[in-house]
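Here is a brief report for a first look at this structure. Sequence and model come first, then the details.

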Amino acid sequence: MLIKSPSIILHRYPYSDSSWVVKALTASQGVVSFLVKGGKRHEFSFKNALDPLSFSEIVFKKTSKSELYFIKEASLIKWFPEMRNNLEALAIAQVMAEVILRYTPQEAELEKEFSLLLNAFESLDSSPISPSILVQWLFEINDLWGYTIAIQYCVKCGTTLKEAPGDFFPELGGCLCKNCASDSVPRANPLFLKDLWLFNQNMPLEKIPLMEKAFLLYLQRHLGSSQEIHSVQWLKEVRKICSQ
Ligand SMILES: [Zn+2]
C-alpha cells in the first residue's frame with residue numbers, strides 16, 4: 001500500500017555503508033522509520049527533503065513484514081532556513097524533535113502532535129523568536145498527552161490563583177495556593193513560582209531555562225520515563241555561547 005503524507009524529519013543516521021535510517025513524524029501514521037537504501041546515491045534525487053527538521057511530503061510503501069518502510073518519493077515543502085540560521089532556534093527545534101522521537105508511541109495517530117510541532121517550527125523560522133516558545137510548547141505537549149499542568153488554580157483546594165502560587169507539586173498536577181502551601185517551606189524555587197504566575201498571566205518570563213526544565217521534568221515524571229533528552233545540553237551550551 002502506498003501512503004502519501006506530509007512529514008517532519010526528526011532524525012537521520014547511517015545504516016550500513018550506503019544507507020540511512022530516517023525517522024519522521026507523519027501527519028497520518030505517527031512516527032515512522034524509513035530505510036533509505038543507497039541513501040547517499042539518492043541524496044541528489046531527494047534533495048533536502050530528508051534533512052533532519054525538514055518539512056516534506058513523503059510517499060512510502062507500507063509492508064507488514066518490516067518495521068522499516070521504503071520511500072518512493074520525497075519532496076521538500078519547507079526547509080526552515082531562518083531557523084537553521086539561528087543557533088538557538090535550531091537547538092530548540094532539536095529538543096522538540098527529540099521529545100517527539102523518544103516519548104511518542106510508534107505509529108499511533110499523532111495529528112495534533114504534528115500540527116503542534118509544525119506550528120512551532122514555523123515560529124522558530126521567523127525572527128525574533130518568542131523567548132518562551134519551548135516553555136509554551138512543553139506546556140501544550142503535557143496538555144495533549146493528558147498531563148495538564150494546573151497553573152490557574154490550586155490543586156488542593158481548587159481556588160483560582162490571584163497571585164503567584166505558594167508551591168508547585170508535580171505529583172499533584174501543578175500549583176498550590178499560598179494558603180494550602182503555608183504549612184511548610186516551599187519546595188519550589190521562588191523564581192520559578194514567580195514565573196509560573198507570569199506564564200499564567202501571559203507576561204514575559206524571567207527564568208526561562210528554569211521553566212523549560214520544570215515542564216520537561218513534569219512530562220518525564222508523568223510518562224514514567226527516565227530517558228534523557230540529550231539536545232537539552234546542547235541548547236544550554238548554545239545559550240552560553242550566544243550570551244558571551
Ligand atoms: Zn489551595
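## Two packed helices

This model is predicted. Helix α7 (residues 208-223) packs with helix α8 (residues 231-243) at an angle of about 180 degrees. Their axes lie 13 Å apart. An angle over 145 degrees counts as roughly antiparallel, so α7 is roughly antiparallel to α8.

From α7, the residues Ile208, Pro209, Glu212 and Leu216 take part in the contact. They meet Val232, Leu235 and Arg239 in α8. Five residues of this contact are nonpolar and two are charged. None is polar.

## Helix α7 itself

Helix α7 has 16 residues. From first C-alpha to last, α7 reaches 23 Å, close to the expected 22 Å. Just after α7 comes glycine 224, with a positive phi of about 65 degrees.

Several α7 residues are buried: Ile208, Met211, Glu212, Ala214, Phe215, Leu216, Tyr218, Leu219 and Gln220. The elements that cover them include the helices α3 (87-103), α5 (133-144), α6 (190-200) and α8. The strands β6 (167-169) and β7 (174-176) are also among the covering elements.

## Phenylalanine 80

Phenylalanine 80 sits in the loop between β5 (68-78) and α2 (81-85). Is phenylalanine 80 buried or exposed? Its relative accessible area is 0%, so phenylalanine 80 is buried.

Proline 209 is 129 residues away along the chain from phenylalanine 80. The C-alpha atoms of these two residues are separated by 24 Å.

Note on methods
Residues numbered from 1 in each chain as written. Predicted model: local features only at pLDDT ≥ 70, side-chain atom pairs only at ≥ 80, totals over all residues. Heavy atoms only, no water. Axes fitted to C-alpha atoms, helices over the stretch in contact; angles between N-to-C directions. Helix = DSSP H or I, 4+ residues; strand = E, 2+ residues; numbered from the N terminus. Parallel < 35°, antiparallel > 145°, perpendicular 65-115°, else oblique. Contact = heavy atoms within 4.5 Å. Nonpolar A, V, L, I, M, F, W, Y, C, P; charged D, E, K, R; others polar. Buried < 20%, exposed > 50% of the residue type's maximum accessible area, 1.4 Å probe, protein only. Expected span 1.5 Å × (residues − 1).
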